[in-house]
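Open the model in your viewer and keep the sequence panel beside it. The stops below are given in the order in which to select them.

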Amino acid sequence: MSRRRFSRLLPGLAVVLSLLVGGAVQAERPVIPQITDVPVAAPMAGQPGDVPRIDEVPRSPPVPLLWRVVGEAGDLYLLGSFHFLTADDYPLADEVEQAFAAADEVVFELAPEELSSPTLAMQMMQAGLRTDGSRLDDDLPADAAARLATWGQVNQATLQATGLGTQAFQLFEPWFASLLVTTTELGRYGLQAQHGLDVHLARRAREAGLATAGLETAAQQIEFLDGMARADQVQMLLEALDQADAGPAAIEALHSTWRAGDADALWTGMAGDMRARSPALYARINTSRNDAWLPKLEQMLQQPGTILVVVGALHLLGEDGVVEKLAAKGYAVERVCSACAAGTAVPGAVRAR
């Protein structure tokens, strides 16, 4: 696969990897009441079994995308998450374990109680349903509608296992169909939301009795998707279909790049390309949210103690990321990465320890 082709696929994955709520689309949920004569159930990604999986995960822990920020009274650890992982991506690096052990509180994009709510998938589905009597194909070029139909036929067994027939696609807006395609493809190759770093650390925080919180609400994350311009939604779906056609290459590369802690490659290959090609969408799911989080992060730095903040890795990278923005405000920021210091991973933005 050419570098140009590869970079075109990563922005399609960026949306689902930037919004923690996207993991709800991959969870198995009960059938909801029928909207038309087509039975509808909350979608679930393709389950591993006879399908191919991503390359065997190395036994060494992932190199962490972890930064420490020192404030007036307390400090923060900023950890770049991957919302869909495999069980083999654990255990975590010593630096992450030390940051978790030092934390008095763990903050996520969404509060753990919202992320684990049994109503979250239903909220997403209700937001994604079309209400004007139109069909999804009405929004799509003819060739894209044909590609989506073909994808549905290929994945018919997986979709029917959840009660979602291929014709049910027509009930949804493009953004929801895009999430369904992308999370199904992630699940096909073994990447599951239930193994995501956020879910893993939220469970451990609960077991340790640590305080937890969220930077935004599930309703806000759903609105980021549902409020997208229709053209951006269609583009998001087209890129999801491109990624599905390409097979595991882009998914493997993205997963491996995150595991390598290669901040620069993630920025240039995913975030930077997305910013150049889809600036409005990029601003909506990344820059505007980062800017909204900054005052909250600064407030945390003014209180005593240590807080671990776990968000999608995209939000920490490049000049639009909260790492650079906090450094620009004068806070002492350093990357916590022994492998980076040893020259085995790309350090990324700001000073590496």
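The tour starts with the whole chain and then moves through confidence, aromatic pairs, charges over rings, the disulfide and salt bridges.

**Before selecting anything**

This is a predicted model, in which local features need pLDDT of at least 70 and side-chain atom pairs count only at pLDDT 80 or more, while totals for chains, interfaces and linings use all residues. Residues are numbered from 1 along each chain as its sequence is written, and side-chain values use heavy atoms, with hydrogens and water left out.

**The whole chain**

Show the cartoon: the protein has 15 helices and seven strands. Helices (H or I, at least four residues) and strands (E, at least two) are DSSP runs, numbered from the N terminus. Of the 353 residues in the protein, 58% are buried. Buried means under 20% relative accessible area, exposed over 50%, and partly exposed in between, with a 1.4 Å probe and protein chains only. Contact means heavy atoms within 4.5 Å. Among contacts between residues at least 6 apart in sequence, 84% join residues at least 24 apart.

**Colour by pLDDT**

pLDDT is the predictor's confidence in each residue, from 0 to 100. The protein averages 83, and 82% of the residues score at least 70. Now select residues 28–52, where the pLDDT is below 50; this stretch has 66 contacts in the model beyond near neighbours in sequence. Select residues 343–353 as well: pLDDT stays under 50 there, and the model has 39 contacts beyond four places in sequence for them.

**Aromatic pairs**

Rings of Phe, Tyr and Trp (its six-membered ring) pair if their centres lie within 6.5 Å; planes under 30 degrees apart count as stacked, over 60 as edge-to-face and the rest as tilted. This rule gives four aromatic pairs. Select W151 and F169, whose ring centres are 5.9 Å apart with planes at 75°, so the pair is edge-to-face. W151 belongs to helix α5 (residues 142–154) and F169 to the loop between α6 (156–161) and α7 (174–188), so the pair ties together parts 18 residues apart in sequence. W151 and F169 are both buried.

Next select F172 and F176, a stacked pair at 4.6 Å centre to centre, with 25° between the planes. F172 is buried at 2% relative accessibility, and F176 is buried at 2% too.

**Charges over rings**

A charge sits over a ring if NZ of Lys or CZ of Arg is within 6 Å of the ring centre and within 35 degrees of the ring normal. Select R204 and F100: R204 lies over the face of F100, 4.6 Å from the ring centre. Then select R335 and W67, where the charged end of R335 sits over the ring of W67 at 5.1 Å from its centre.

**The disulfide**

A disulfide is counted for a pair of cysteine sulfur atoms within 2.5 Å. The structure holds one. Select C337 and C340, which it joins with an S to S distance of 2.1 Å. The torsion about their S-S bond is about 80°, so the disulfide is right-handed. C337 is buried with a relative accessible area of 2%, and C340 is buried at 7%.

**Salt bridges**

A salt bridge is a side-chain nitrogen of Lys or Arg within 4 Å of a carboxyl oxygen of Asp or Glu. The whole structure contains 15 of them.

Which residue forms a salt bridge with D89? Select R259: its closest N and O atoms with D89 are 2.8 Å apart. The pair links R259 in helix α11 (residues 249–259) to D89 in the loop between β2 (74–81) and α2 (94–102), 170 residues apart. Both R259 and D89 are buried.

Move to R147 and D242, which meet in a salt bridge at 2.9 Å, N to O. R147 lies in helix α5 and D242 in helix α10 (residues 230–246), so the pair ties together parts 95 residues apart in sequence. R147 is partly exposed at 27% relative accessibility, whereas D242 is buried at 13%.

Select D291 and K325, whose closest N and O atoms are 2.4 Å apart in a salt bridge. D291 is in helix α13 (residues 279–301) and K325 in helix α14 (residues 322–328), 34 residues apart. D291 is partly exposed at 38%, and K325 is buried at 17%.

For the last stop, select E109, E216 and R289, which salt bridges with shared partners join into one network.
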